[in-house]
Amino acid sequence: MRSRTAIVLGCGGTIGGAWTIAALSALADQTGLDPRDADVLQGTSAGAELVTMLGGGAGVRELVDMQRGRAQDPRLRSHLASTPPGVPPLPRLPLLNPGLLRSRSGLAAVTGIAPTGRADADWLQRLADGFSSGGRLPHRDVRMVAYDVRSGKRVALGAPGSPTVTVGEALRASWAIPGWMPPVPVGDRLFVDGGAASTASVDLLTSRDADLVYVIAPMASAPGVRAPGPGGVLEHRLLRRPMSTGLDAEIAAARARGTTVIPIRPTARDLAGLGANFMRRSRRAAAFEAAMTTAPGTVRAALSGDTLSGNGTGA
């Protein structure tokens with residue numbers, strides 16, 4: 001039976017998405033793999049943005065050119081220009097689902113007391129419309145992870161057995177940062193950003209989906225690795241540490257099923273160039289160029305299994 005490959009792209013906002021593109025570029029250079037040829041493309045939040053473009057036919061070099069403001073494709077130029085500001089509009093009541101505080105733990109529980117976001121999601125719908133036809137992407141298997149705040153469960157929209165949605169609905173749901181972007185209703189379900197419950201949801205893939213999984217997760221790092229400064233301490237405690245712990249558990253479960261998983265996560269060198277605020281739009285261009293310098297070494301270490309190489313602690 002032919003080996004099957006999946007590429008899983010985690011959440012990360014504006015800056016994390018830029019780093020992910022740099023990591024994808026290094027992965028393609030070092031393995032010869034064109035991400036568009038992967039059997040499964042799964043993304044969460046910013047990762048969902050990227051699998052929309054990859055699943056719609058955009059290549060890694062085109063995404064690099066987009067980040068550098070040199071894209072020839074008008075869809076990519078327009079999307080970069082539509083990057084949301086680093087501060088959301090004031091949210092509104094009601095809270096998403098306070099009951100999650102009792103039924104869930106960690107970030108998934110706290111999501112329940114987030115107010116309803118009201119930022120404009122049209123920029124995501126335009127991206128989906130530009131790369132899809134009839135609500136579907138050309139790639140055979142694109143999945144976008146969202147979190148159902150009514151049931152407290154993650155769903156890989158686009159996977160077999162998941163609710164039937166258009167690409168635009170899946171992308172807006174996966175990117176619906178609690179308290180920032182509006183949740184997306186699908187039937188009697190209400191979806192927000194899948195990163196509210198898991199940074200990459202590797203465990204939603206089964207052994208039938210893929211034998212080899214590359215996971216690029218900008219919001220997860222090796223133990224103790226964080227961005228510098230007070231902002232890095234806060235980001236690490238609130239987001240990076242719990243997301244990293246969750247990802248480690250998901251990877252262990254996938255490996256126990258016999259799946260080969262190669263995680264690619266920012267090292268201290270990467271984070272020094274990215275900063276602690278992954279929604280800081282004004283930092284995007286500089287962060288991307290820094291990532292293009294550091295990501296090749298990070299990917300090389302991940303492919304060799306040297307998970308400690310270049311990490312440092314940043315503590």
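Is Asp-73 buried or exposed? Asp-73 is buried, at 14% relative accessibility. Here buried means under 20% relative accessible area, exposed means over 50%, and partly exposed lies in between (1.4 Å probe, protein chains only).

1. **Basis of the model.** This is a predicted model, in which local features need pLDDT of at least 70, side-chain atom pairs count only at pLDDT 80 or more, and totals for chains, interfaces and linings use all residues. Residues are numbered from 1 along each chain as its sequence is written, and side-chain values use heavy atoms, with hydrogens and water left out.

2. **Salt bridges.** A salt bridge is a side-chain nitrogen of Lys or Arg within 4 Å of a carboxyl oxygen of Asp or Glu. The count by this rule is 14.

3. **Arg-75 and Asp-73.** Asp-73 pairs with Arg-75 in a salt bridge. Their closest N and O atoms are 2.8 Å apart. Arg-75 is partly exposed, with 34% relative accessibility.

4. **Glu-289 and Arg-68.** These two side chains form a salt bridge, at 2.9 Å from N to O. The pair links distant parts of the chain, 221 residues apart. Glu-289 sits in helix H11 (residues 284-304). Arg-68 sits in the loop between helix H3 (60-67) and helix H4 (74-81). Helices (H or I, at least four residues) and strands (E, at least two) are DSSP runs, numbered from the N terminus. Glu-289 is partly exposed at 34%, and Arg-68 is partly exposed at 33%.

5. **Arg-143 and Asp-209.** This salt bridge brings N and O atoms to 3.0 Å at their closest. Arg-143 lies in strand E5 (residues 142-148). Asp-209 lies in the loop between strand E8 (189-193) and strand E9 (212-216). The two are 66 residues apart and link distant parts of the chain. Both Arg-143 and Asp-209 are buried.

6. **Helices H1 and H3.** The axes of H1 (residues 13-31) and H3 come within 10 Å. They cross at roughly 145 degrees. Axes are lines fitted to C-alpha atoms, for helices over the stretch in contact, and angles run from 0 to 180 degrees between N-to-C directions.

7. **Who meets whom.** Contact means heavy atoms within 4.5 Å. On the H1 side, the residues include Ala-18, Ile-21 and Leu-24. On the H3 side, they include Val-60, Leu-63 and Met-66.
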